[in-house]
Amino acid sequence: MIVNESESLIINVNNIEHKISVKPNETLLDVLRLKLGIKSVKAACWSGDCGICTVLIDGKPMKSCLVLSHEIRNKSIMTVEGLLEDELFQKLQNSFVKNGAIQCGFCTSAFLLVGYYLIKNKRNLDLLSIKKGINGIICRCTGYKQIIDSIYELK
Amino acid sequence: MGKYVGESIIRKDALEKVNGTATYAFDIDNIPNLLIGKFLTSPYAHAHIRSIDISKAEKINGVVAIVTGKDWPVRIGLYAGDRDILAVDKVVWAGQPVVAISAESYEIAEKALEQIQIEYEPLPAIIDPVKAKLSNDILVHEKLGEYEHSPAFNPIPGTNIANHFKLRKGNIEKGFKESDKIIENTFTMPQVAHAYLEPIVAIGHYKRDGKIEIWSSAQSPFTVRYLMGITFAIPTSNVTVHAPYLGGGFGGKAGLNYEPLAVLLSKNSNYRPVKLQLTREENFRSAPIRVGMVAKIKTGVKDNGRIIAEEIEYIWDSGACADYAVNVGRAGGYVSIGPYEIDNIKSDSYTLYTNKPYATAFRGFGHMELHWAIERQRDIIAKNLGMDPIALRKINTLKAGKSYTANQHRLRKDAGNVDECLEKVWNDLKTHFKGKIGDKPWLFRGIGVSCFMKGPAQPPNSASSAYVKFNEDGGIFVSVGTSEMGQGTITSLAQIAAEELSIPIEKVYIKGERDTDRDAYTWQTVGSRSLFMDGNAVRNACIDAKHQIFEIASQVLHTPPYDLVLENESIYPKGEPWKNLNLVDVIMGYMFTSGEAIGGPIMGHGTYIAKMTMLDAETGAGNPAIFETFGSQGVEVEINVLTGEIKIKRLISAFDIGKAINPQLCESQILGGSIMALSLGLNEKLQYDEKGHLLNPNFVDYVLTRADDLPDEFEFFLVENPQLDAPFGARGIGELTMLGVPAAIGNAIANAINVEIYDTPITSERIWYEIKKQRPELLKLKEEFLQED
Ligand code: FES
Ligand code: FES
């Protein structure tokens, strides 16, 4: 049986409150991409394996395909769209651009968000801890090195 | 020269990508009346379809159309029409789409699929390509003889052979007779997945007026357009294909894939557009993959290291269809022996059908696989002769202007230099190699290298074009047909335009998404061909625009066009820069003070067509490529012989790319490509059970390299021996970055522990197993060490 009862929910995405109606089995990924049209968030596996769907929930990176929408009640969600005016985030974007950390770009949002989190929250960030920090996200194009360098430069 | 060419200009698509605004086919869902498409696949690798019952599904509210193979039983494909849009009569791989649905929502489509009943009559399946070659009772395609194919290919009806390519040079028997040693080995590489992150997406809209519009994650929008016209029997010009940014392609989105199914669904859905987006598991099971290879090599060599005879059989496992991969077998066949000159060659390259997912192009196009075999064989030969593997290679490598290739074609004088690449890599490795370090006798270090070559595999009449259009502000819009899938070509093409027209790079606009109505034509975005082919077209378009500009300026400056210079956005007579005209006053037409005007908006146009030949059907003789990029790669490895664990300490690459148009983009390609090759060499393999079911269709069981697995050290060299007919001398590099890594690892393992590896992926398990087989004494090293203590 398909669960059909929708519930209505207020969620905070990129500092804007949205009232949405969701089904209990709806993922945050679908809410963001399909309901709110936030397309910087990508997906590649829908099962927690690739990390491409990463967003920040209360500042922490989470895979949005694994989060059910009702779990984000009273939480604040950040995607690239919400950080475009943030000075540190802009520096990180510039670092990605300068270091050639972008190829197809499908993974870029996820790495930017995790990079932003690491720089903001981790003290003594070294290459090894950056590698560990981004290990959950797949990039098939870049070979990771330029992404690691971009984050390292801002530690 | 060299204001923009040769500079690490930032990518033209960088800002869109860091701002999250770059649009992929995956993101497009705002087309009015868009329906969702889904398909049901075969659970059997080989079976007759007895019946399909859609009666229950049809009744579900929100289901718009249900189609089966019989609705449009046209066989599709690039070089050979061997693929059903949906299986007709029988299924040939587990994962093949059989029924498709369009519905108002994803949930409805899913629900409806569950209600469809298909009855199958299973048939014996053929999974192993070597057995497939011998089998004439189990046939993947009984009707092979009826299929249409390009004349460059040679399928053998009544067998599973989709193509047999022959390479013959000299006299092989005589060559072996004169050899001092003959060395025979078999090497394999399994089928693998492209694992691009953006899954296959196709949005098809068959319109009431008979036109077709498509949005697809396609590497080859113009080829899709052409083949869609054929598939639906409408003029090419009635088809429009949009290819937005691609979330990776690596060859997996070349050719024609799910566009026909999306369009067929649309046609049967009251002409409403339909979006088909594969899940990751579907992408593994139902989308194209890379061929597997079995290579048998027999080499005859003189004691002095000269290779004088080589006999090879390549078997390419193309899975259930080979519409694109017939050309992988062909390209692998004509290159066969790698970057060497050998006088006596007999090589047979067979592309085989098996009951597995179908193969297509993959970055490297058979060359990573064949160089795995050839370059392992070179090291084994050197070991047999007691020779240094570098010296052995140098005796036999192709030399520009002098050597004749395996295709009996004299290598052009301005070709690249493989020896130079090899020396750079080897010297670097040797300088840094410390030999055994630490006090653990079970840890061994070794170094290994490989050489390779590759040119674009394309038809001899493959063409590119470009146009350059000036805007009022003096900016230009450059239109090309090549897709942007991450490789960065559009940026290099913009640099070529800026250089040729001497205008600031910021004023060069080039789009990452393609539109076959708007954009200049190119054949496909494959084979590392774009920089060379489309680069020449862009350059020619700029030269054309310059002529038009000089034509106008000459009337104003009273100077003949050939005496004019265009520099820094101004036009002046040679030697008199102060008599200048502003470019911006010319490009929309020039107006004299009287108000009289001449000229008009400038738009330059340029083309380029490949300079190659057909290959002789019996010998493969001819010119198969517009250029060959040569290169060499090397690694230092550390092996724990107790566990087989392998660590890549250092990875070095060198490529003779003629000219680095954008060194940073080259670096990005090298980093990305060699890590991809590392991943393929050490981890990746599509695993099937004996019935042909794929066992690892996800990113947990199909292991990709992650950030944590990177080599400790990484170095590369760009060798620049320019090719005179290339844009600013530049040859392609994209695929080259992968070709030598697996073989270098294999050679380094042999160097470290004297254990030969013949198959990939080179997992720890495999290394341990080979140690146990070849040098079991190594496994006791720890005990001995502890006893000594
Ligand atoms: S889409 Fe969420 S982890 Fe892959
Ligand atoms: S840039 Fe393509 S997946 Fe990372």
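## About the model

This is a predicted model, where local features need pLDDT of at least 70, side-chain atom pairs count only at pLDDT 80 or more, and totals for chains, interfaces and linings use all residues. Residues are numbered from 1 along each chain as its sequence is written, chains are lettered from A and ligands numbered from 1 in written order, and side-chain values use heavy atoms, leaving out hydrogens and water.

## Where the chains meet

Let's start with the interface. Chain A brings 47 residues to the contact and chain B brings 53 residues (contact means heavy atoms within 4.5 Å). About 3,900 Å² is buried between them, with carbon and sulfur atoms giving 58%; buried area is the accessible area (1.4 Å probe) that two parts lose on being put together, summed over both. In chain A, the residues losing the most area to chain B are A:Gln103, A:Phe106 and A:Arg140, together 20% of what that side buries.

The rule finds 5 salt bridges across this interface (a Lys or Arg side-chain nitrogen within 4 Å of an Asp or Glu carboxyl oxygen). A:Lys39 and B:Asp29 meet in a salt bridge through their side chains, at 2.6 Å, N to O.

## The nonpolar cores

The largest nonpolar core has 239 residues, and A:Phe96, B:Ile745 and B:Ile753 have the most contacts inside it. Such a core joins buried Ala, Val, Leu, Ile, Met, Phe, Trp, Tyr and Cys residues through side-chain atoms within 4.5 Å, where buried means under 20% relative accessible area (1.4 Å probe, protein chains only). Apart from it lies another core of 53 residues, including B:Leu581 and B:Tyr608.

How values were computed: Buried < 20%, exposed > 50% of the residue type's maximum accessible area, 1.4 Å probe, protein only.
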